[in-house]
Amino acid sequence: MSFRYQQLAAELQQQIEQGQYGCGERLPGVRELAKRRALSVSTVVASYRRLEADGYLQANSRSGYFVKPRYQPPPLSSVPLQQAAEPVIVCSQQIALSLSKAAADPAYMRLGAAVPAAVYLPQHALQKALQQVIKTEPARLMRYEASRGAVELRREIARRMALHGAVVSQDDVIITNGCQEALMLSLKAVTQPGDVVVIESPAFYGLLQALEAAGLKALALPTDAQTGMAPDVLQQALEQWPVKACVLIANYSNPLGSLIPDGNKKRIVQLLAQRGIPLIEDDTYGDLGFTGPRPGSCLALAPQQDIFYCSTFSKTLSPDLRLGWVIAPKHTAKIEYLKFISNISTAALPQLAVAKLLQSGQYERHLRQVRPQYEAAVQRISGSIGRLFPPGTRVSQPQGGFVLWVELPQDVDGYELAQQALAEKISIAPGTIFSPTAPAGSAGYRNFIRLNCAVAQDARLERALQTLAQLCQQQLNR
Ligand SMILES: Cc1ncc(COP(=O)(O)O)c(C=O)c1O
């Protein structure tokens, strides 16, 4: 049983963590709060002192208690951007399946898979749109949808893409079962088993799975935590290896959160175009920047080039919609055929519902609401890592999206940590699965983990982070 001052402290802590009291803001005066909450002054003072001791507040003897600037852990050490080693066959991404299972199990604190908790998704609007479609389009839901996808959704996507600088025909938009299928179809369209594909390192593990499934070799290029793939590094790789395609996440990559500046995007596209190499652009997080206008896509910057633009509604509306798309004007017929022979088409119900959300403006409204929420969640977890994790821990500074890439002290094994955490009902993504040769024990990103920040910002999260920090410390004490 906790005391009243502890309960009040926990409540206030939650409010601070959720951003209701921002950094530097003054909390209500002691007497005022005591009166409002029908508590004694000494109870309020005790809870403020508790929060002061925990590093949340600082007292100013004359004017009250203020939210302390949050401690941010140091940024990642910069990776030397030299030439990648050599292309490798991608293997053993099975551990990603256990992450995916934990992501579906509410018993776990789900910091592993990059899946937003329901509180970040427009549940009500989505339910309403789905119900409307069931009511108004019953016949449409009783047959196969076209392999390209529902024209209503393709039109809305084409309109929205044009608003962000990529003028495409709705006939070139092909709806897929999420971005994962968009990536797979794109790879299939331009590669044969054994071909070399340039990717970023660390790499999103779903892409590694796609490469594994297609029997492709990954040439993983060291990537800058802030500015993503470096054109010079790419150029060296292209001069040395017979590259058949390049896949990159230009806007808010997973796991680094890096954003490739427009000038570098143009140079990358140019380098590839000079050699006739297609670019597969994964823009999954492009809509989720924390500030400023939406960054341009490579497709918008170089519409004439050979680009497969892939994206999804998984991170903005719901992953369970299984709704993504690919636009590659030079390959539309081929992708449509590949889609048809792999699973005929994507279900009409989610497509028509999402078309309604786009048309009504609800999608944009939701984005406006959720971007600052993701930013606050990322900042908050980053601050907690700084406060709780052992010295030597470094954290990425993403400019969008909702994942953090965490470099632990050298002697902490992220894979072992992930196993230990699972036993505590916490799932995290070990760094090794972001490397093409990834399984347990592999050297690549051994002391790294990735955390999904799009989880409820509550006391359970704080406890999970404390547990992770303790497990790290235990490894260091051995
Ligand atoms: C960068 C990136 N691409 C693609 C995907 C797959 O998305 P979808 O659920 O739409 O298949 C994800 C999901 O985590 C992702 O982070």
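Me: Helices (H or I, at least four residues) and strands (E, at least two) are DSSP runs, numbered from the N terminus. Where is Asp-283 found?

Reply: Asp-283 lies in the loop between strand S9 (279–282) and helix H11 (298–301). This is a predicted model, in which local features need pLDDT of at least 70 and side-chain atom pairs count only at pLDDT 80 or more, while totals for chains, interfaces and linings use all residues. Residues are numbered from 1 along each chain as its sequence is written, and side-chain values use heavy atoms, with hydrogens and water left out.

Me: Does Asp-283 count as buried or exposed?

Reply: Buried means under 20% relative accessible area, exposed over 50%, and partly exposed in between (1.4 Å probe, protein chains only). Asp-283 counts as buried because its relative accessibility is 1%.

Me: Which residues does Asp-283 touch?

Reply: Contact means heavy atoms within 4.5 Å. Leaving out residues up to four places away in sequence, Asp-283 touches Asn-251, Arg-294, Ser-297, Tyr-309, Cys-310 and Ser-311. A polar contact is a pair of N or O atoms within 3.5 Å; within protein, one must be able to donate a hydrogen and the other to accept it, and residues adjacent in sequence count only if both atoms are side-chain atoms. The side chains of Asp-283 and Arg-294 make such a polar contact at 2.8 Å.

Me: In what order do the strands form the sheet?

Reply: Two strands pair if DSSP finds at least two bridges between them. Here eight strands form an open sheet with mixed pairing, in the order S3-S7-S6-S8-S9-S10-S11-S5. S3 and strand S5 (173–176) stand at the edges with a single partner strand each, so one side of each has no neighbour in the sheet.

Me: How does S7 pair with S3 and with S6?

Reply: Strand S3 (residues 88–89) pairs with S7 in the antiparallel sense over two bridges, and Ile-89 has Lys-217 as its bridge partner. Strand S6 (residues 196–201) pairs with S7 in the parallel sense over six bridges. From S6 the chain crosses through helix H8 (residues 205–213) to S7, a right-handed β-α-β crossover. Right-handed means that, with the strands pointing away from the viewer, the path from the first strand over the helix to the second runs clockwise. As for cover, five of the six residues of S7 (residues 217–222) are buried.

Me: What span should helix H16 have?

Reply: The expected span of a helix is 1.5 Å times one less than its number of residues. The 19 residues of H16 (residues 459–477) should therefore span 27 Å, and the end C-alpha atoms are 27 Å apart, which agrees. The buried residues of H16 include Leu-461, Leu-465 and Leu-468.
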